[in-house]
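This briefing is meant for someone meeting the structure for the first time. Please look over the sequence and the model, and then read the points below with both at hand.

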Amino acid sequence: MSRLSLFHMAFGFLVIVLAACLGIFLVRQVEVYEESRQNLLSSWSFLLLKSSHGHTNLFGILHILFGLTLPYSFFSTKIKYYQGLGLLCGTFSMGVLMILRYFINPLSFTEQFIKALLGVLLSFALISLGSHSYSLFYKVLKRIMATCQKAKFTQISRKFWAQLRSRSLPLAHRPKIGVQFREISVKYGCKRSRSLPLAHRPK
């Protein structure tokens with residue numbers, strides 16, 4: 001397994017641990033707001049924190065799966081490196097940037113800039129996941145086609161060897177061509193098809 005695969009698997013587990021820590025922070029926030037009798041669960045800021053928590057877990061799992069399936073991709077090491085960077089962009093956007101939006105005024109210019117940056121980084125992540133999925137599906141289809149060709153070759157080879165073995169049997173036990181040859185040869189008193197008339201030779 002390559003170093004790139006190991007890095008993404010280790011980074012995925014680290015992201016999941018950080019998301020678990022964020023979950024503890026969410027629970028603490030709920031307790032604080034519950035004590036002050038404020039409605040936190042329906043607020044926009046709490047939705048941002050919940051979204052960050054859920055998507056960080058998701059991207060952590062994606063990093064682990066990406067590292068596990070990376071050896072099956074037909075892309076070069078350079079393209080795999082860029083795919084990993086795209087996945088890191090998605091983790092950063094849905095993790096760090098979503099938490100930053102929690103501390104920023106929703107109507108400020110900074111909030112609008114972060115939203116635009118988040119969209120760009122998520123696009124990189126989707127391109128990385130889409131290209132990696134394409135390479136895996138291509139490998140699966142290639143394996144299926146190779147299996148079908150192998151099965152077809154096995155069937156043809158078995159038929160060929162069966163015909164070869166039939167030549168070593170007595171003439172009466174050979175397939176139809178042998179039976180036809182025997183009948184014609186007995187009729188004309190010949191042992192070889194070359195001595196038969198052209199119209200009566202087996203095809």
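This is a predicted model: local features need pLDDT of at least 70, side-chain atom pairs count only at pLDDT 80 or more; totals for chains, interfaces and linings use all residues.

**Overall make-up**

- The secondary structure of the protein comes to 5 helices and 0 strands, so that the order of elements from the N terminus on reads α-α-α-α-α.
- The protein has 203 residues, and buried residues make up 29% of them.
- The accessible surface comes to about 14,400 Å², and carbon and sulfur atoms account for 68% of that area.
- Of the contacts between residues at least 6 apart in sequence, 68% join residues that are at least 24 apart.

- Apart from residues up to four places away in sequence, Phe66 touches His8, Lys80, Gln83, Gly84, Leu87 and His132.
- The C-alpha atoms of Phe66 and Ser5 are separated by 7.4 Å, although the two residues are 61 residues apart along the chain.
- Ser5 itself is found in helix α1, which covers residues 3–35, and it counts as buried because its relative accessibility is 1%, where the limit for a buried residue is under 20%.
- Ser5 is also 65 residues away from Leu70 along the chain, and the C-alpha atoms of these two residues are separated by 6.3 Å.
- When residues up to four places away in sequence are not counted, Ser5 touches Gly67, Leu70 and Pro71.
- His63 is found in helix α2, and at 0% relative accessibility His63 counts as buried.
- Leaving aside neighbours within four places in sequence, His63 is in contact with His8, Met9, Phe11, Gly12, Leu87, Leu88 and Thr91.

**The nonpolar core**

- The largest nonpolar core has 13 residues, and those with the most contacts inside it are Phe59, Met94, Leu97, Met98 and Leu118.
- The elements that give two or more residues to this core are α2, α3 and α4.
- Met94, one of the residues with the most contacts inside the core, touches Ser51, Ser52, His55, Thr56, Phe59, Leu118 and Leu122 when residues up to four places away in sequence are not counted.

**The salt bridge and its surroundings**

- How many salt bridges are counted in the model? The count comes to 1 salt bridge.
- Glu111 forms a salt bridge with Arg101, and the closest N and O atoms of the pair are 2.8 Å apart.
- This pair links distant parts of the chain, with Glu111 in helix α4 (residues 109–167) and Arg101 in helix α3 (residues 77–102), the two being 10 residues apart.
- Are the two partners of the pair, Glu111 and Arg101, buried or exposed? Glu111 is buried, with a relative accessible area of 2%, and Arg101 is buried as well, with a relative accessible area of 10%.
- Both count as buried because the relative accessible areas, 2% for Glu111 and 10% for Arg101, fall under the 20% limit.
- Leaving aside neighbours within four places in sequence, Arg101 is in contact with Trp44, Leu48, Glu111, Ile114, Lys115 and Leu118; of these, Leu118 is also one of the residues with the most contacts inside the largest nonpolar core.

**Aromatic pairs**

- A search of the whole structure finds 6 aromatic pairs.
- Phe74, Phe75, Tyr134 and Tyr138 are linked into a cluster by ring pairs.

**A nonpolar patch on the surface**

- Ile61, Leu65 and Leu68 form a nonpolar patch on the surface, and together these residues have about 260 Å² of accessible area.
- Leu65 is found in helix α2, which covers residues 44–69, and with a relative accessible area of 44% this residue is partly exposed.

Key
Residues are numbered from 1 along each chain as its sequence is written. Side-chain values use heavy atoms; hydrogens and water are left out. Helices (H or I, at least four residues) and strands (E, at least two) are DSSP runs, numbered from the N terminus. Buried means under 20% relative accessible area, exposed over 50%, partly exposed in between (1.4 Å probe, protein chains only). Contact means heavy atoms within 4.5 Å. Accessible areas come from the Shrake-Rupley method with a 1.4 Å probe; for residues, only the protein chains shown count as cover. A salt bridge is a side-chain nitrogen of Lys or Arg within 4 Å of a carboxyl oxygen of Asp or Glu. Patches are made of residues with over 30% relative accessible area and no salt bridge: like charges are joined within 9 Å, nonpolar side chains (Val, Leu, Ile, Met, Phe, Trp, Tyr) within 5 Å. Rings of Phe, Tyr and Trp (its six-membered ring) pair if their centres lie within 6.5 Å; planes under 30 degrees apart count as stacked, over 60 as edge-to-face and the rest as tilted. A nonpolar core is a set of buried Ala, Val, Leu, Ile, Met, Phe, Trp, Tyr and Cys residues joined through side-chain atoms within 4.5 Å.
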